[in-house]
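Here are my notes on this model, as numbered points. Please read them with the structure open beside you.

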Amino acid sequence: MTDTARQPCDLLIEAGWVVPVQPHGTVLADHAVAVAGGVIVGVLPTAEARERFQPAEVVSRPDAALIPGLVNAHTHNPMTLLRGVADDLPLMEWLQGHIWPVEAAVIGPEFVSDGVTLAIAEMLRGGTTCANENYFFPDAQAATYKRHGFRAVVGLPVIDFPTAWAATDDEYFDRAGEVHDQWRDDPLVTMAFVPHAPYTVSDASFERIRMLSDQLDLPVHLHTHETAFEVEESRGKHGQRPLARLDRLGLVNDRLIAVHMTTLVDAEIELCAARGVSVVHCPESNLKLASGFCPVGKLEKAGVNIAIGTDGAASNNDLDMFGEMRTAAQLAKAVAGDAAAFGAASALRAATLGGAKAMGLEHAIGSIEVGKQADLACVDLGQLESQPLFHVVSQLVYATGRHQVSDVWIAGRPKLRRRELVDIDVAALVANARQWRDRIAAIRA
């Protein structure tokens, strides 16, 4: 075929293996992905791609697996600046005795923007291209994600006590409306409601969120059933377990992103499956805070959509989705008492398409399919730590580190090239993180 007959495209990525995630568990050897205008326009054998397309740029990675960009379905990225501030403590002591007092002293647009920027750099170097954000100052978050061309669902916070972001219930909702209106048509930054948790949000606020979620078609992203204590407290205060209370208030539906879910009975699992609830599993944070174990094996068997999140770097203490996938798959087997539970392909799906579906973005990202956005990551499997290579998906989940991510694209734009961040000054980031360390250390002294 002559050059004039070939189809122009912006980018052709040739990989040893393309792992599209959809269909489930598929691996395409010696395949290429063609990108034009930020959108995937071809997924086909490399030899055919070379005949069909005339790319402006070719990236050849014969020893790499090309996967969808990982989707971190629950995180508090400004809290990256609080990494290691308080460790080895139970949840409520960690939160009330350490994290909230420090936040009260430092929180503001500068803290939020700098924390998000540091998190973006860390996530990109680990193959993550989208985050589901849950924190204050969503206006500063959104502007920072947009500036760096990073895809995010930014949370509009609601909580029952005054913070630096808002002082009253009405102010939380008024400011949420303003931020939503400002970003409602952005191609990279979308919105969700983020009521903190059932134990910090009133029935009246939940009812208001349900009404607005219906009107604006926005997800509702919240911590729930995180600990046995939370469940018992809800029974004492409301006469119901948290999920039953949320159901009474009309929130248990396909817009609900339920994070943690460590304390569930079978009827609650069945309810989530029937209503289309997405569950975000944060295994490393739950382990570190001794919060409990999400029954991922049971949820998967019931047909519940499962996503994976790191939680914040203050409680994890990293934003490593490869590590999170491995822990999720291994922990699921131990909890279920079944070595076949939540296999490698399921873990990879949860970390990509499962997260996209939870956030209402499965039409755009989460799998490598024609018509979707080119949010992609190349993972080098040619290194000795990945040898010998029998099963690509198994290797990605059980034997791959984030340091093996070589290249990342978001909407077809390069964000990482051969391990080098594009348009991010690493030395400046490190210096800025250190000055925040000094400021926070002085507060705690």
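1. The lining of the largest cavity is made up of five nonpolar residues, three polar ones and one charged one. In this grouping Ala, Val, Leu, Ile, Met, Phe, Trp, Tyr, Cys and Pro are nonpolar, Asp, Glu, Lys and Arg are charged, and the others, Gly among them, are polar. The model is a predicted one: local features need pLDDT of at least 70, side-chain atom pairs count only at pLDDT 80 or more, and totals for chains, interfaces and linings use all residues. Residues are numbered from 1 along each chain as its sequence is written, and side-chain values use heavy atoms, with hydrogens and water left out.

2. What is the volume of the largest cavity? The value is about 40 Å³, and the count of cavities of 30 Å³ or more comes to one. A cavity here is a set of points, on a 1 Å grid over the protein atoms alone, where a 1.4 Å probe fits but cannot get out; lining residues have an atom within 4 Å of a point. Grid points are joined across faces, edges and corners, and the volume is the space filled by probe spheres set on the points.

3. The residues that line the largest cavity are V19, V21, H24, G25, T26, A345, L348, R349 and V393. Helix α13 (residues 344-358) gives the largest share of this lining, three residues. Helices (H or I, at least four residues) and strands (E, at least two) are DSSP runs, numbered from the N terminus. The largest cavity lies between domain 1 (7-68 + 368-411) and domain 2 (70-359), because both give residues to its lining. The domain bounds come from an automatic or database domain assignment.

4. How many salt bridges are there? The count is 22, where a salt bridge is a side-chain nitrogen of Lys or Arg within 4 Å of a carboxyl oxygen of Asp or Glu. In one of them E14 pairs with R50, and their closest N and O atoms are 2.9 Å apart. E14 belongs to strand β1 (residues 7-18) and R50 to helix α1 (residues 46-52), so this pair ties together parts that are 36 residues apart in sequence. E14 is buried, at 7% relative accessibility. For these labels, buried means under 20% relative accessible area, exposed over 50%, and partly exposed in between (1.4 Å probe, protein chains only).

5. R255 forms a salt bridge with D217, with 3.1 Å between the closest N and O atoms. This pair links distant parts of the chain, 38 residues apart: R255 is in the loop between α8 (242-248) and β10 (256-260), and D217 is in the loop between α6 (203-216) and β9 (220-224). R255 is partly exposed at 21% relative accessibility, whereas D217 is exposed, with a relative accessible area of 55%.

6. Is strand β10 enclosed or open to the outside? Five of its five residues are buried, so β10 is largely enclosed by the rest of the structure. β10 pairs with β9 in the parallel sense over five bridges, and A258 in β10 is the bridge partner of L222. Two strands pair if DSSP finds at least two bridges between them. β10 also pairs with strand β11 (residues 278-281), again in the parallel sense, over three bridges; there V259 stands opposite V280.

7. Strand β8 (residues 189-195) is largely enclosed by the rest of the structure, because six of its seven residues are buried. Strand β7 (residues 151-158) pairs with β8 in the parallel sense over seven bridges, with L156 opposite F193 in β8.

8. Eight strands form an open sheet with mixed pairing, in the order β3-β2-β1-β4-β13-β14-β15-β16. β3 (39-45) and β16 (420-421) are at the edges, each with a single partner strand, so one side of each has no neighbour in the sheet. Within this order, strand β13 (residues 376-380) and strand β14 (residues 405-410) run antiparallel and are joined by four bridges. W409 in β14 is the bridge partner of L376.

9. L251 lies in the loop between α8 and β10. L251 is buried, with a relative accessible area of 4%. L251 and G16 are 235 residues apart along the chain, and their C-alpha atoms are separated by 44 Å.

Key: 1 Å grid on protein atoms, 1.4 Å probe; cavity = no way out; pocket = protein on both sides within 12 Å on 5 of 7 lines; lining within 4 Å.
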